[in-house]
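Reader: Please take me through one part of this model in detail. I want to see how its pieces meet, contact by contact.

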Amino acid sequence: MAAERGTAAEALVGQVVLPGDLLLLPAHYDEDAEGERLRLSAGTAPQGRLLCGPGLRRSGAGLLVTKCGLLRHRPAGGGAYWVDSQQKRYVPVKGDHVIGIVTAKAGDVFRLDVGGSEPASLSYLAFEGATKRNRPNVQVGDLIYGQFVVANKDMEPEMVCIDSSGKSNGMGIIGQDGFLFKVSLGLIRKLLAPKCEIIQELSQLYPFELVLGMNGRIWVKAKTVQQTLIIVNILEACEYMTPQQRKQALAKLSGN
Amino acid sequence: ELCSVCPGDTSVLAGLYGPAEAKLSKELPDRAALEVLLRPKVGLPGVLERSREQLLRQTCEAAVLGVLHPRTAISLVLQVLSDAGSLLSCCLNAACMALLDAGLPLAALFCGVTCALQPDGAILLDPTARQEQEARAVLTFAIAGSDRKVLMATTKGSCSVEETQQCLAAAQRAAGTIFQFYRDSVRRRYSKC
């Protein structure tokens with residue numbers, strides 16, 4: 001009845017893990033840069049600068065898995081473990097760039113719907129070149145691309161449209177026209193990966209503008225409505241298509 | 001997230017929504033407020049459905065890490081599609097799969113197993129409706145994760161303490177099969193990535 005209490009983390013990298021699985025970390029995390037640390041207990045807890053990412057929690061001697069998915073590992077910079085899971089519901093995280101929809105203007109702040117459990121707030125001064133006299137022209141129903149500066153479980157999330165040096169860096173109000181739709185979070189991460197073939201192949205089909213929000217929202221604008229809708233359908237479908245099926249679909253479209 | 005679980009002919013469809021905004025009257029300051037709605041196949045939900053909803057809610061609250069999402073609401077809606085016995089354990093399994101599918105943080109997995117104690121003392125696992133009628137007692141257990149601890153136990157009928165222990169041991173052994181099924185389904189889902 002007493003099954004193996006935990007398996008080594010390295011053995012499960014790239015495999016499916018389920019909540020309740022305990023991952024044991026190798027003991028050599030003790031002899032890291034801060035070797036001068038006093039150990040009060042005889043080396044039960046790992047002491048290296050290990051990053052415990054989404055889907056994992058520290059528990060006693062190892063990491064407890066809390067979401068189902070594939071276990072990933074990055075050896076650089078002290079090592080990081082996280083669980084790659086597919087879900088559709090977004091939970092705000094600090095530093096994420098998201099697309100929000102303005103739902104209300106309350107005095108000096110805008111309330112944005114970002115798809116999480118609470119509306120986020122955005123101050124009117126958080127735009128490039130905005131002052132008390134020079135207010136940005138934001139109406140209810142506008143789309144805003146910004147990043148979170150405050151996003152934890154206890155407080156209401158707050159967004160800004162400028163980075164730390166005061167430049168907008170591509171953030172701000174998203175222009176007129178275009179089409180906004182929602183996909184799963186896993187597809188967004190796939191599209192944001194460094195060399196994404198999907199976007200390269202699509203750009204050879206028609207020229208278009210694309211904004212990807214980490215909350216699962218994508219905004220697309222092409223020259224005509226029909227081209228926009230074609231790109232929307234391909235992006236929605238490519239989550240479940242293999243690369244060959246995608247190339248076939250695109251070849252058929254560019255032939256037309 | 002929707003998923004449907006059917007052992008034999010009993011079939012339940014589970015939909016999970018959350019973490020979403022909670023009404024002020026229902027929000028808890030330190031945890032997520034979990035709500036379970038069980039809809040029978042015909043008719044309006046009655047007292048039996050309400051008591052089952054409370055059992056399911058308490059089991060799910062023990063497994064879900066609600067402290068990670070305070071002041072939110074998590075709603076689990078279960079629709080009974082067909083009932084041929086062992087309904088409560090089917091609902092438990094559907095609830096666990098819905099929680100897994102939606103990506104909510106769980107401390108451990110859980111599954112439901114029903115045992116029927118026949119008049120001659122034999123133990124039957126996952127009884128049909130007919131076997132439940134003829135049995136002396138029907139016990140349902142919610143078994144957690146890899147250490148096979150009991151999250152919830154409910155009994156209908158009368159049985160001795162030793163018989164309860166035997167049913168519990170049988171249920172814990174059977175739980176292994178269900179957890180393996182969860183693992184295989186998740187593997188199949190992630191094999192396309």
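**Where the parts meet**

Author: Start with one pair of side chains in this predicted model. Arg217(A) and Asp113(A) form a salt bridge, with N and O 3.2 Å apart. Side chains of opposite charge can pair when their charged atoms come close.

Now step back to the domains of chain A. Domain 1 takes residues 1–26 + 50–85, domain 2 takes 96–173 and domain 3 takes 179–254. Between domain 2 of chain A and domain 3 of chain A, the rule finds one salt bridge across the interface. Polar contacts there come to five residue pairs, with both residues at pLDDT 80 or more.

Which strands of chain A each supply at least two residues of the side of domain 2 that touches domain 3? They are strand E9 (97–106) and strand E12 (143–150). E9(A) gives the largest share, five residues. By type, this side of domain 2 of chain A holds six nonpolar, three polar and two charged residues.

Next, distance and area. The centres of domain 2 of chain A and domain 3 of chain A, taken over C-alpha atoms, are 26 Å apart. Eleven residues of domain 2 of chain A and nine residues of domain 3 of chain A take part in the contact. Together the two domains of chain A, domain 2 and domain 3, bury about 750 Å². Carbon and sulfur atoms give 62% of that area. Which three residues supply more than any other three of the area that domain 2 of chain A buries against domain 3 of chain A? They are Ile99(A), Leu143(A) and Tyr145(A), which supply 54%.

Asp177(A) sits in the loop between strand E14 (172–174) and strand E15 (179–182) of chain A. Its phi is near 60 degrees, a positive value in a residue other than glycine.

A record also covers part of this region. UniProt, in an unreviewed entry, places "domain: K Homology" at residues 178–226 of chain A. Over residues 178–226, chain A is 39% helix and 31% strand. The end C-alpha atoms of that span are 11 Å apart.

Now turn to the contact between the chains. Chain A gives 28 residues and chain B gives 32 residues. The area buried between chain A and chain B is about 2,600 Å². Here carbon and sulfur atoms give 56%.

How many salt bridges does the rule find across the interface of chain A and chain B? It finds two. Arg71(B) forms a salt bridge with Glu118(A), and the closest N and O atoms are 3.4 Å apart. The rule also finds nine residue pairs in polar contact across the interface of chain A and chain B, both residues at pLDDT 80 or more. On the side of chain A that touches chain B, two or more residues come from each of strand E6 (62–65) and strand E7 (69–74) of chain A. That side of chain A divides into eleven nonpolar, seven polar and ten charged residues.

Over all chains, the salt bridges come to 19. Why does the pair of Arg71(B) and Glu118(A) join two chains? Arg71(B) lies in the loop between helix H1 (47–63) and strand E4 (72–82) of chain B, and Glu118(A) lies in the loop between strand E10 (109–113) and strand E11 (120–123) of chain A, so the pair joins two chains.

The UniProt annotation "domain: Exoribonuclease phosphorolytic", from an unreviewed entry, covers residues 8–105 and 109–173 of chain B. Residues 109–173 of chain B are 29% helix and 43% strand, with end C-alpha atoms 15 Å apart. Pro19(B) is found in strand E2 (residues 11–21) of chain B. Gly18(B) and Pro19(B) are joined by a cis peptide bond, with omega about -5 degrees.

Methods:
Residues are numbered from 1 along each chain as its sequence is written. Chains are lettered from A and ligands numbered from 1 in the order in which they are written. This is a predicted model: local features need pLDDT of at least 70, side-chain atom pairs count only at pLDDT 80 or more; totals for chains, interfaces and linings use all residues. Side-chain values use heavy atoms; hydrogens and water are left out. Domain bounds come from an automatic or database domain assignment. Contact means heavy atoms within 4.5 Å. Buried area is the accessible area (1.4 Å probe) that two parts lose on being put together, summed over both. A salt bridge is a side-chain nitrogen of Lys or Arg within 4 Å of a carboxyl oxygen of Asp or Glu. A polar contact is a pair of N or O atoms within 3.5 Å; within protein, one must be able to donate a hydrogen and the other to accept it, and residues adjacent in sequence count only if both atoms are side-chain atoms. Helices (H or I, at least four residues) and strands (E, at least two) are DSSP runs, numbered from the N terminus. Ala, Val, Leu, Ile, Met, Phe, Trp, Tyr, Cys and Pro count as nonpolar, Asp, Glu, Lys and Arg as charged, and the others, Gly among them, as polar. UniProt positions are given in the numbering used here, feature names are shortened, and annotations may be inferred rather than shown by experiment.
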